[in-house]
Amino acid sequence: MNNSLTNTARLLGAGLRALLVLTLVTGVIYPLVITGIAQGLFSDKANGSEIKADGKVVGSSLIGQSYNLPLKKGQETPDPDLKWFQGRPQNGLGSNSVNTQYKLILSGATNRSGDNEDLIQWVNDAQTAVADVNSVPGYKVERSDVPADAVTSSGSGLDPHISRDYADLQVHRVAQQNKLSVSQVQKLVNDHVEGRTLGFIGEPRVNVLELNIALKAVMAKS
Amino acid sequence: MSPVLAGVLQLLALIAALALVYVPLGNYMAGVYSSDKHWRVEKWIYKGIGANPDTEMRWPAYLRGVLAFSAVGVLFLYLLQRVQGALPGSLGFASIDPDQAFNTAASFVTNTNWQSYYGEQAMGHVVQTAGLAVQNFVSAAVGIAVAVALVRGFARARTGELGNFWADLVRGTVRILVPVAAIAAVVLVACGAIQNFSGIHEVGQFMGGSQQWNGGAVASTEAIKEVGTNGGGIFNANSAHPFENPIPFTNLFEIFLILVIPLSLTRTFGVLVGSVKQGYAILATMATIWIGFTALMMWTEFSHHGPAFEIAGGAMEGKEVRFGVGGSSIFAVATTLTSTGAVDSFHSSFTGLGGGITMLGMMLGEIAPGGVGSGLYGMLIMAIIAVFIAGLMVGRTPEYLGKKIGTREIKLAAMYILVTPALVLIFTAAAMALPTPQNSMTNSGAHGFSEILYAYTSGANNNGSAFAGLNADTQWFNTTIGLAMLLGRFVPMVFVLALAGSLAEQKPVPATAGTLRTEKPLFTGLLVGAILIITGLTYFPALALGPLAEGMAS
């Protein structure tokens, strides 16, 4: 009895020492060395791929943002600022309160299933809203024209991208709102389409922040 | 190019990359566990532990090593979380409550990485790197060690000795996991994953105002999280978060990392038992199931059944634009057929059948290719069951790799395959029968049931992914899922090591004309069949109530 107790204690002691030594290797040395390499060779990326406009940091090329008007009195969710390209659903374009609205302190998805009543409602509302706000004189958007990424929220809630289709769909509206020509805005979108890596990895997409920064630059010139 | 074709090409590229490293990595790992030389750094570590790495252990001693090391791991991680509030470098986060700290400690030590907390709102730098990430390494090393012990049971004869646990633990960590993770981490940073120790800070936005960012040792954690088939992310969105998985290439790369060690271990197995063809047969079984599941997943996700997806015109809810449906489907299958549980898209928002495939993947026992180590030993247990079934058909005493599968061996194998289903079904039934656990559901009806079934399936099989609509941070779920994880990890290990001991004692039986040729495609077919039928019979009633009901309705 006494013997087995001492043996157990000895074994647990060995376990503890093993854990402490391996913690030093994998929990202290490893992350510090990687951090050193990362900060030395790729400091921009290691710190979040910050992106600047007019000399000011305006976010990260990896993290989505909202492009909304200031909140009006009595409003719970702000309206989208239609001058700018809009990202995936957030307030206004489909009232989706579970999405983290690009505030970033908490990432995550809605976790709603395909037959969930809330999700069906959000998708319906978003589709109507997207078709509605993007229809301008001479350019009518039908609900069936709206791509899936425009009416669903992403896994992280921070998706920085929209599909090429959704960017194209917004061209007429953005041109009208900013008094630019459609061809000018379309060219901006075309310039910002990222294709699949090596032609097959991932999906073609447009980075909304980078596109809006370019749009702002064009407006400053005109 | 259509998204479907792009998805298929990504799968083919992945297969090619895995095939390229299969032989070198598999051979290297075989060398790691059979070499009698110690590296200098390992000698220092053995001195620190106070263990002689050359002492051979019989199975009870090996098991005691596993259990002692893991018990200390749970306790240490529990205490670290409990005192977080007083630690420096904790980003101002408070100490974790007892039930959640127990759940998280059990989760990371068992290689599950189920997370009932929100990463960026709960765990500071110290707990993340010196607590959770350490278990990402060592729990993986323990898994490989147990698998290697079983392989030695087949390879050795007339001895009860299975090797030295401390040596296997240290070598797996130092020679395999740390180097692979270090290379992977640098690749991830170069692609945009963050790696810093900043606090929570404000960053300006385009429209004015600011966003709050968390710093973190993300790339270094992400690398071992995938390589060690762990899955616990720094951020709540896990590998869907752009800081963890920034571009389409990293998505494919992370899937590669998840699969590379479990698949290559079949080569290690082949080398160690002296017949690489036996390794190929096991590999073929894993690959058949994995590729089949991936094809099914792509089919159901691209065809997007379900009312909300039909209106939207695609199953993009919970998926990132940069990965698309193809990349997300490949990731979802890889993560649930291994014990990883990292996600690049949210399984709860997959189609009904897609969600069912993720669950079925875990229910197979995570053996195709499974977690690091645990996948191999799980698959070898199924191989024993398969030769037993074949033996019954022809009326011969079954044998596998020259070892007789007698009463003791088949009893141990049968006990092994009963543990997790028992845990999953009993806990799910209890949660559904009691009034309060159901309050945690986000969705109702069949999908609500699926949330709970998924939670216990994920816990008991040490996966860690979730139908994340379930609010799992309650005393009930923290405690019961914590228990499911511990029992689902260590009880099967007892049977595996006992089996290894009993095999190592046997003398090999020479192969005769009547021996089932386990390196042939016929055996692979038999093994795939046995796996699907055993899992199907066990879980079909439960699956019918959840994902099948949902999938049929839409």
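## Burial and overall form of chain B

Buried residues make up 65% of the 554 residues of chain B.

Chain B contains 18 helices and four strands. Its radius of gyration is 22 Å, close to the 24 Å that the globule rule gives for 554 residues, so chain B is as compact as a globular protein of that length. The C-alpha trace of chain B extends over about 75 × 55 × 50 Å along its principal axes. When contacts in chain B between residues at least 6 apart in sequence are considered, 78% of them connect residues at least 24 apart.

## Interface between the chains

The two chains meet through 97 residues of chain B, which are in contact with 83 residues of chain A. On the side of chain B that touches chain A, the most is given by helix 7 (residues 165–191) of chain B, with nine residues. The composition of this side of chain B, by class, is 55 nonpolar, 34 polar and eight charged residues.

## Domains of chain A

Chain A is divided by the domain assignment into domain 1, covering residues 2–46, and domain 2, covering residues 50–221. Taken over C-alpha atoms, the centres of domain 1 and domain 2 of chain A are 44 Å apart.

## A hairpin in chain A

Strand 1 (residues 50–53) of chain A runs antiparallel to strand 2 (residues 56–60) of chain A, and three bridges join the two. Within this pairing, E50(A) lies opposite S60(A) of strand 2 of chain A.

The hairpin formed by strand 1 and strand 2 of chain A has two residues between the strands. In this hairpin, D54(A) adopts a positive phi near 50°.

## Confidence in chain A

The mean pLDDT of chain A is 89, and 92% of the residues of chain A reach 70 or more. In chain A, confidence is lowest in helix 3 (residues 117–134), at a mean of 92, and highest in strand 5 (residues 205–207), at 98.

Over residues 91–100 of chain A, pLDDT stays under 50. Where pLDDT is low, predicted coordinates should not be read in detail.

How values were computed. Residues numbered from 1 in each chain as written. Chains lettered and ligands numbered in written order. Predicted model: local features only at pLDDT ≥ 70, side-chain atom pairs only at ≥ 80, totals over all residues. Rg over C-alpha atoms; globule rule 2.2 N^0.38 Å. Buried ≥ 20, exposed ≤ 12 C-beta atoms within 10 Å, placed from the backbone. Contact = placed C-beta atoms within 7 Å. Nonpolar A, V, L, I, M, F, W, Y, C, P; charged D, E, K, R; others polar. Domains from an automatic or database assignment. pLDDT = per-residue confidence, 0-100. Pairing = 2+ DSSP bridges.
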